[in-house]
Amino acid sequence: MSAAGSESGRRRADSPARHSIEEILDASRRGVERIDPADLPALLTDGAHVIDIRNATTRGPEGHLPGATVIDRLVLEWRLDPRSSHRMEGGPEYEDLIVVVCNEGFYSSLAARDLRDLGFERATDLVGGFRAHLAAGLPVQEEPTRVVD
């Protein structure tokens, strides 16, 4: 991850108000080391927090990432923020690696950006999302490891 500022993939209130989604996505990834699916199992072993933000209609038929915590995108920041009264038990600390996973690695880049805005400097996402993990032949399980409402 790079230093703070526009290179860190954070949003800034002083930027122009209108951008295309491609510009917003590119900015969210600028200076961020995204995770390759092949590296995910080792990172989990090393203590990374893997957060699956896919919706239930996608997770059900496609399966779950072993070791991941399922959190609905709508409440993600409240469940992870150490200062939130709605924080999940055992949530990450600011210095922990957080890998956000969505279907194809787009929505997760935006969610990781928002987590960096909260102070999780090591928040990133999985390149290609769950579907790249699946295509790489990596393990999938029928039930989630953990679900946080």
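Q: If contact means that heavy atoms lie within 4.5 Å, what share of the contacts with a separation of 6 or more comes from residues 24 or more positions apart?
A: In this protein, residues 24 or more positions apart account for 70% of the contacts with a separation of 6 or more. Please keep in mind that this is a predicted model, in which local features need pLDDT of at least 70 and side-chain atom pairs count only at pLDDT 80 or more, while totals for chains, interfaces and linings use all residues. Residues are numbered from 1 along each chain as its sequence is written, and side-chain values use heavy atoms, with hydrogens and water left out.

Q: How many helices and strands does the protein have, and in which order do they run?
A: Helices (H or I, at least four residues) and strands (E, at least two) are DSSP runs, numbered from the N terminus. Here there are 6 helices and 5 strands, and from the N terminus on they follow the order α-α-β-α-β-α-β-α-β-α-β.

Q: What percentage of the residues is buried, and is Pro41 buried, exposed or partly exposed?
A: A residue is buried under 20% relative accessible area, exposed over 50%, and partly exposed in between (1.4 Å probe, protein chains only). Of the 149 residues, 41% are buried, whereas Pro41, which is found in helix H2 (residues 40-45), is partly exposed because its relative accessible area is 36%. The C-alpha atoms of Pro41 and Pro66 are separated by 8.5 Å, although these residues are 25 apart along the chain.

Q: Which residues have the most contacts inside the largest nonpolar core?
A: In soluble globular proteins, nonpolar side chains tend to be buried together. A nonpolar core is a set of buried Ala, Val, Leu, Ile, Met, Phe, Trp, Tyr and Cys residues joined through side-chain atoms within 4.5 Å. The largest one here has 15 residues, and Leu76, Leu80, Ile98 and Leu115 have the most contacts inside it. Helix H4 (76-80), strand S3 (98-101) and helix H5 (107-118) are the elements that each give two or more residues to this core, and H5 supplies the largest share, 3 residues. Leaving aside neighbours within four places in sequence, Leu76 is in contact with Ile51, Ile53, Ile71, Ala111 and Leu115. A second, separate core of 11 residues includes Ile35, Ala48, Leu126 and Phe130.

Q: Which side chain of opposite charge is nearest to the buried Arg59?
A: Lys and Arg count as positive and Asp and Glu as negative, while His and the chain ends are not counted; a salt bridge needs a side-chain nitrogen of Lys or Arg within 4 Å of a carboxyl oxygen of Asp or Glu. Arg59, in helix H3 (residues 56-62), has no salt bridge, and the nearest oppositely charged side chain, Asp52, is 5.0 Å away. The side chain of Arg59 does, however, reach the backbone oxygen of Arg54 at 2.4 Å.

Terms used
A polar contact is a pair of N or O atoms within 3.5 Å; within protein, one must be able to donate a hydrogen and the other to accept it, and residues adjacent in sequence count only if both atoms are side-chain atoms. Contact means heavy atoms within 4.5 Å.
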